[in-house]
Amino acid sequence: MRRLLPWVVALGMVAAGLAWFRTTDEARVRRVIEGMARNASFTGNEGTFARVAKIESIASAFTEDAEIHIDQVVPVESSLAGRETIKGLLLAGLQQVRSLDVKVHDVQVTLGDADTARAVLTASARAGGSKGEFNAQEFEFRLVRREGSWRVRRIEAVLGFRRPEIR
């Protein structure tokens, strides 16, 4: 058995390498976005260290000069600039929510030139457990490939159907 273990490990590494090289850039972009949603989700049972580790992982998916713009869906100027600012906001909100379940739906990826991609998707979130408030919003992600990895450069909320304001 001991003689087989190194061969099994080596075979597993070769298979993982082949799978990586056969994976398309579109699938890699989709994996980055789905990983961000997975890391944005947490339960009330997770400790602070686990949550902070997830936020670190989300922040690492952004470029240093990343931007988030949601001013299309809220009536005030709402944008964030810079990975550290985004990370700081996520850390500040950490204690405000007991649990959060984030999912992405209908991810449509369009590759640009060799190092850019655009993804349009709908993200949904449920805060506070299974009976918590549910929200859904359409987003456009702009990604760039830096040092072999896809990173989010810009997120913009897409204005959807809104109820008219009653005056």
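Figure 1. E64 is exposed, with a relative accessible area of 53%. The model shown here is predicted. R83, by contrast, counts as buried, at 19% relative accessibility. The cut-offs explain the two labels: buried means under 20% relative accessible area, and exposed means over 50%. The side chains of E64 and R83 form a salt bridge, with a distance of 3.0 Å from N to O. E64 lies in strand 1, residues 62-69, and R83 lies in helix 4, residues 83-93, so the pair ties together parts that are 19 residues apart in sequence.

Figure 2. The structure holds 15 salt bridges.

**Figure 3. R145 and D25 in close-up.** R145 forms a salt bridge with D25. The closest N and O atoms of this pair are 2.9 Å apart. R145 belongs to strand 5, residues 134-146, while D25 belongs to helix 2, residues 25-40. The pair therefore ties together parts that are 120 residues apart in sequence. Is R145 buried, exposed or partly exposed? R145 counts as partly exposed, because its relative accessibility is 24%.

**Figure 4. K54 and E46 in close-up.** K54 and E46 meet through their side chains in a salt bridge. The distance from N to O is 3.2 Å. K54 has a relative accessibility of 19%, so K54 counts as buried. E46 has a relative accessible area of 22% and is partly exposed.

**Figure 5. The protein chain behind the close-ups.** How many helices and strands does the protein chain have? Its secondary structure comes to four helices and six strands. Along the sequence, the pattern reads α-α-α-β-β-α-β-β-β-β. The protein chain has 167 residues, and buried residues make up 29% of them. The chain exposes about 11400 Å². Carbon and sulfur atoms supply 58% of that area. Contacts across the sequence come next. Among contacts in the protein chain with a separation of 6 or more, 50% come from residues 24 or more positions apart.

Methods
Residues numbered from 1 in each chain as written. Predicted model: local features only at pLDDT ≥ 70, side-chain atom pairs only at ≥ 80, totals over all residues. Heavy atoms only, no water. Helix = DSSP H or I, 4+ residues; strand = E, 2+ residues; numbered from the N terminus. Buried < 20%, exposed > 50% of the residue type's maximum accessible area, 1.4 Å probe, protein only. Contact = heavy atoms within 4.5 Å. Areas by Shrake-Rupley, 256 points an atom, 1.4 Å probe, with all protein chains shown as cover. Salt bridge = Lys/Arg side-chain N within 4 Å of Asp/Glu carboxyl O.
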